[in-house]
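Hi,

Here's the structure I promised to pass on. Could you have a look before we talk?

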Amino acid sequence: MTAIWAGIDAGRTHHHCVVIDGTAKRLLSRRVANDETELLKLLADVLAVGEEVTWGIDLADGGAALLIDLLLNHGQHTLYIPGRAVSRASEGYRGEGKTDAKDAAIIADQARIRRDLHPLRPGDELVAEIKVHTGYRRDLADDRTRVINRLHNHLTSIFPALDRALDLTNTGPLILLTGYQTPAAIRRTGTRRLETWLRNRKVCGAAELAEKALAAAESQHTSVTGEKPAAQLVHTLAKEVMRLNEQIAETDKLIEARFREHKHAKVIASMPGIGPLLGAEFLAATGGDMTAFESSDRLAGFAGVAPAPRDSGKISGNLHRPRRYSRRLQRVFYTSALVSIRCCDESRRFYDRKRAEGKRHTQAVLSLARRRVNVLWALMRDGRCYEPIPPVTNAA
């Protein structure tokens, strides 16, 4: 069989494909639209060049999703090459110019010579849905953070004392700002009327919140220039944050429902510190298929909780945090490790032991996260739920 390698430099509207043979000679170079008809024509032309094709691509989703599904549906062996790896590899090739054709040729050559690239596999429809919902939730959370920051800026410009007194991540202060934004308005209303207004809107701790607001209002009797338009913006932004909170809550319910449907949901949720949201993030980052990871070490490296060596000359044993890893997956293991310290005695004992060894807080949490990778990988491999280890007691 004639073996060839096809490299795809993927884009949003167009892809560039370069096909090479075993001597790295270019056999085909073409720019194609991100359209099913055009992609099928490319597939047919590449298969006409060689009988055994290995595809390499620098995107695993997004604009390359249609192309990847077409290749996998036609039984094509497809490898994923991260964009960072392509950028670094380009330094070893002749010429300083950068074009789509050159990047595609580098991808094809890397697919030809490397043996450690991750093969892409057909995705699970449920996992794909979870991935979409978790990504949307992250976007909503980012939007909420940006709106809260703008809300802080405008409120500080006209009423800094109230901004210091309120926690804008809670619903009560946001409801207060939809009705009252200036010190004069709060003073005119008074504590009792303000408390009644808050209670009618089902705000928890209405009395305490009303007292805080009035105390802040009593500390400022100056009306700042531009107070009226800024107050209107505070009102609008507070409502926007509340709307985003509702959207996030609805998305959380949807994510939890889809997560519970997955075959590994009980196993993942049995781990202390991992709830439906973190469990869904884990499935979205890994695909929920542990066969893609040869060992727990491979999973730990992908999650960025396994230190990488940096030895040179006489220096050995020098470890550092890896630069290439899934930030999304690292957040899952790090956050769940933090939570497990509070709710799991075994995790707490492990954390305390690492702290007693002289490790800083972050180092101890990362050590715990690394250990939890081993446990979760083994549980999913064996299909069994987590069971806490009872403490060992010495005989009297």
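Below is what turned up on the sheet and on one helix pair.

First, the ground rules: this is a predicted model, where local features need pLDDT of at least 70, side-chain atom pairs count only at pLDDT 80 or more, and totals for chains, interfaces and linings use all residues. Residues are numbered from 1 along each chain as its sequence is written, and side-chain values use heavy atoms, with hydrogens and water left out.

The sheet is open, with 6 strands in the order E3-E2-E1-E4-E5-E6 and mixed pairing. (Strands, E, of at least two residues and helices, H or I, of at least four are DSSP runs, numbered from the N terminus; two strands pair if DSSP finds at least two bridges between them.) E3 (26-33) and E6 (118-119) sit at the edges with a single partner strand each, so one side of each has no neighbour in the sheet. E1 (residues 3-9) runs antiparallel to E2 (residues 14-20), with 5 bridges; aspartate 9 is bridged to histidine 16 in E2.

Helix H1 (residues 36-49) packs on this sheet, touching E1, E2, E3 and E4 (52-57), and its direction makes about 175 degrees with that of E3. Contact here means heavy atoms within 4.5 Å; axes are lines fitted to C-alpha atoms, for helices over the stretch in contact, and angles run from 0 to 180 degrees between N-to-C directions. Helix H4 (residues 100-113) lies across E1, E2, E3, E4 and E5 (77-80), at about 135 degrees to E1.

As for the helix pair, H11 (residues 227-260) packs against H13 (residues 276-286) at about 65 degrees, axes 9 Å apart. Among the residues making that contact are Phe259 of H11 and Leu283 of H13.

Cheers
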